[in-house]
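Hello,

Here is the structure I promised to pass on. Please open it alongside this note; my findings follow below.

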Amino acid sequence: MTAAWELAQNGAEVVVVEKESRIGGLCATHEFRGWRFDLGGHRFISRNGELVRRVVGLVGDDMLTSERRSVILHGGGQYRYPLAAEDLARKMNVKQGALAVGSYLQARLATLLRPSPDVSFEDWVVSRFGRYLYELFFGPYTEKLWGVHPSQLSADWASERISLLHLGDAILRVARLKNRNRPRTHARRYFYPRRGIGQVFEMMADEIRHLGGQVLLDSDACGLERDAKGRVRGVRCRNAEGQEELISCDQVISTAPLSLLTRWLFPNDGEIERHAAALRYRSVRFLNILLNRSDVSESTWMYVSEPRYLPTRIQEPKRRSPEMAPPGKTSLMLEIPCNEGDGTWRASDESLYQKSIEDLQGLGFERIREDTLGYFSTRVAEGYPVYDLGYKEHQLSLLSSVAQAPNVLSCGRQGMFRYVFMDIAMEMGIAAARQVLGNSAWSQAELVGFRTDKQLIEAQSMTA
Ligand SMILES: Cc1cc2nc3c(=O)[nH]c(=O)nc-3n(C[C@H](O)[C@H](O)[C@H](O)COP(=O)(O)OP(=O)(O)OC[C@H]3O[C@@H](n4cnc5c(N)ncnc54)[C@H](O)[C@@H]3O)c2cc1C
């Protein structure tokens with residue numbers, strides 16, 4: 001969408017082909033009986049000032065800023081998220097504290113005596129926090145989120161997503177031997193549109209149409225037509241009635257999953273098939289509960305690490321914008337990870353709701369059943385690209401195959417098979433559009449290296 005926006009603003013003729021009946025992809029917002037739900041509550045932050053100005057300019061007075069307050073619900077208590085050193089120190093008893101410090105020192109000693117690179121997520125966490133904290137928090141949460149044992153997940157994910165440096169750093173902060181407020185690794189303030197994150201992309205679609213572009217919904221791209229030189233000359237699409245049409249084009253920017261795009265480009269190619277089949281996504285079901293009360297909690301996100309509970313996160317959408325629920329009412333959204341086609345993916349809304357009510361009670365939420373006015377679920381098949389130990393080889397092979405097609409660029413979270421947030425996906429869209437507009441240096445390679453620095457994006461993000 002952002003690529004199309006950039007192209008349309010620069011006078012190019014664009015057609016956006018979207019298979020869903022609403023715009024926004026993972027950033028869509030669903031409306032139901034006056035309540036609104038994102039696909040997992042989103043927030044917009046970016047360290048790119050130009051992007052922030054453009055998005056805020058687009059949404060105008062409907063852009064709100066909110067403060068993030070997130071907690072981890074664990075063992076009947078609440079810990080601040082991201083894990084805060086003071087909080088850990090305060091809430092652990094002496095025995096737990098001693099075990100944590102002892103296992104951290106053991107891990108540091110092992111690293112000093114036998115230095116070795118962190119290959120898996122487990123290696124990464126254990127060498128920085130010790131096995132005790134790994135088994136208490138990081139391991140169970142990670143296995144629940146990804147459905148894969150942390151020893152089988154690449155360390156890439158940990159280094160991109162965990163903000164504390166290591167337990168030693170945390171201890172120094174608690175002991176006031178180091179400034180407690182630095183580094184500020186997680187942005188507290190963030191942008192959020194009044195009517196849900198999808199409003200950004202609905203407004204973008206309006207502007208694209210206003211500039212003469214087309215945004216086709218319920219239009220499932222199912223193949224590419226290439227000429228004798230390998231250039232794509234059209235995209236085959238199936239509409240809601242199942243009829244196929246060919247949309248001719250001279251250039252394609254794709255945010256469809258990388259495995260799908262490469263299968264279109266190289267049908268019946270055994271090597272492509274091998275790599276494409278190896279890339280897996282973790283799916284998510286969102287259980288959305290409408291409530292006849294004004295508030296549930298003060299938190300933006302509540303992380304649930306224990307495996308006995310279904311959700312990994314619980315959110316109250318009204319904490320982002322008051323318009324996510326009618327006046328005097330609120331809602332809860334439970335994020336439930338699963339694999340496409342498994343029992344959780346196929347479970348009825350009713351059975352998910354019943355299990356979730358038990359979980360909510362166990363986690364200390366009172367009277368949710370009594371206050372329920374309704375519930376429904378939404379699903380995403382491609383929620384999280386799974387960084388298993390072998391993913392990089394498959395990802396890079398497929399991306400270099402795309403680079404052989406002269407007029408196709410793959411970008412975005414699914415298109416690059418990268419765990420990026422919306423701001424980076426949008427920046428990639430702008431970069432891809434600029435390559436097309438410049439017509440000269442169109443290169444997939446540039447997009448492959450795009451913002452691959454390990455630094456947490458949140459460290460320098462800006463909001464208001
Ligand atoms: C639970 C969750 C919470 C998140 N929270 C945040 C957050 O707070 N902040 C943040 O910045 N990011 C967040 N993200 C990440 C954010 O959603 C993504 O980074 C962003 O949506 C990626 O945009 P994209 O366009 O690359 O991919 P997508 O949003 O997946 O869009 C791809 C689009 O391509 C369409 N498509 C695919 N195949 C076809 C086809 N064959 N034909 C036609 N159309 C097709 C899809 O329908 C979709 O609309 C979150 C993600 C998840 C899963």
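**Cysteines**

Cys27 is buried, with a relative accessible area of 9%. Keep in mind that this is a predicted model.

How many disulfides are there? The count comes to 0. Take Cys222. The cysteine sulfur closest to that of Cys222 belongs to Cys237, at 6.5 Å. That is too far for a bond, because a disulfide needs the two sulfur atoms within 2.5 Å.

**A bent helix**

Next, look at helix α5, residues 121-146. A straight helix of 26 residues would span 38 Å. The end C-alpha atoms of α5 are only 11 Å apart. Where does α5 bend? The bend is at Gly130, and it comes to about 120°.

**A sheet and the helix across it**

Now the strands. Three of them form an open sheet, in the order β9-β10-β11, with antiparallel pairing. The edges are β9 (220-226) and β11 (244-248), and each pairs on one side only. On average, neighbouring strands here are turned by 30° against each other, direction ignored.

Strand β10 covers residues 232-238. It is joined to β11 by 5 bridges, and the two run antiparallel. Which residue of β11 stands opposite Val235? It is Ile247.

Finally, helix α9 (residues 258-265) lies across β9 and β10. Helix α9 runs at about 35° to β9.

Best wishes

Technical notes: Residues numbered from 1 in each chain as written. Predicted model: local features only at pLDDT ≥ 70, side-chain atom pairs only at ≥ 80, totals over all residues. Heavy atoms only, no water. Helix = DSSP H or I, 4+ residues; strand = E, 2+ residues; numbered from the N terminus. Expected span 1.5 Å × (residues − 1). Bend = angle between axes of the 7 residues up to and from the residue. Buried < 20%, exposed > 50% of the residue type's maximum accessible area, 1.4 Å probe, protein only. Pairing = 2+ DSSP bridges. Axes fitted to C-alpha atoms, helices over the stretch in contact; angles between N-to-C directions. Contact = heavy atoms within 4.5 Å.
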